[in-house]
Amino acid sequence: MRWLWTLGGFGALGTGIAGIYVPGLPTTVFLLIALYMFTRAGNDKQREWILNHPVFGSVISDWEENKWLSLKVKWIACVSIVVSCSLSAVLVGNIWVSALIVLVGAFGATYVVSRKTKPSPSSHKSLTRSA
C-alpha cells in the first residue's frame, strides 16, 4: 500500500509543479495532496523536500501547521485567479461557460481571502513589546 501512496504523491507533486506554469491549474492544493500522500506512505524524504523547498515550502508549512496564508500569498493567489479566469472567460466564446468560469474563480478567491492571515513579523514584534 505504501507504494500506492508514494505513486499518488509523485503524481500530485508533478501536477502541482505543472500548476506553476499552467494558468488555472492550482499549485498549492496539489502540493498539499502530495504532502498528505507522502505522509501516509511514510515517505519522510519527499515530505521534508516539500516542506523545506525554497520556493513553496514556507507556504505549505504555514498551511500545515497553522492553516494560514500570508498576505502576499493571498494577493498573488487572487490576482492569479482574476487574470486566469478573466482570460479563460473571454477566450472560451460561450456565455454560459464563461459565467461558470467566473463563478468558480469567485468561489476560489473568496476561499483564499476567508482563510486566516499569517501575522506579519512587524505586528508580532509590536505585540510582544506591549506585553
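**A conversation about packed helices and buried residues**

Visitor: At what angle do the axes of helix H5 and helix H6 cross?

Guide: Helix H5 covers residues 71–92 and helix H6 covers residues 95–114. Helices (H or I, at least four residues) are DSSP runs numbered from the N terminus. Axes are lines fitted to C-alpha atoms over the stretch in contact, with angles from 0 to 180 degrees between N-to-C directions. The two axes come within 9 Å and cross at roughly 175°.

Visitor: Is H5 roughly parallel or roughly antiparallel to H6?

Guide: Angles under 35 degrees count as roughly parallel, over 145 as roughly antiparallel, 65 to 115 as roughly perpendicular and the rest as oblique. With a crossing of roughly 175°, H5 and H6 are therefore roughly antiparallel.

Visitor: What kind of model is this?

Guide: Residues are numbered from 1 along each chain as its sequence is written, and side-chain values use heavy atoms, leaving out hydrogens and water. Local features need pLDDT of at least 70, side-chain atom pairs count only at pLDDT 80 or more, and totals for chains, interfaces and linings use all residues: this model is predicted.

Visitor: Is H2 roughly parallel or roughly antiparallel to H3?

Guide: Their axes are 8 Å apart and the helices pack at an angle of about 150°. That angle therefore makes H2 and H3 roughly antiparallel.

Visitor: Which residues of H3 meet H2?

Guide: Contact means heavy atoms within 4.5 Å. From H2, the partners are Leu31, Ala34, Leu35, Phe38 and Thr39. Across from them in H3 stand Gln46, Arg47, Ile50 and Leu51.

Visitor: Which residues does alanine 34 contact beyond its neighbours within four places in sequence?

Guide: Alanine 34 belongs to that largest core. Leaving those neighbours aside, its contacts are Gly9, Ala12, Leu13 and Ile50.

Visitor: What is the relative accessible area of aspartate 62?

Guide: Aspartate 62 sits in helix H4 (residues 57–66). Not counting residues up to four places away in sequence, aspartate 62 touches Lys67, Trp68 and Lys118. Aspartate 62 is buried, because its relative accessible area is 14%.

Key. Core = buried A, V, L, I, M, F, W, Y, C linked by side-chain atoms within 4.5 Å. Buried < 20%, exposed > 50% of the residue type's maximum accessible area, 1.4 Å probe, protein only. Helix = DSSP H or I, 4+ residues; strand = E, 2+ residues; numbered from the N terminus.
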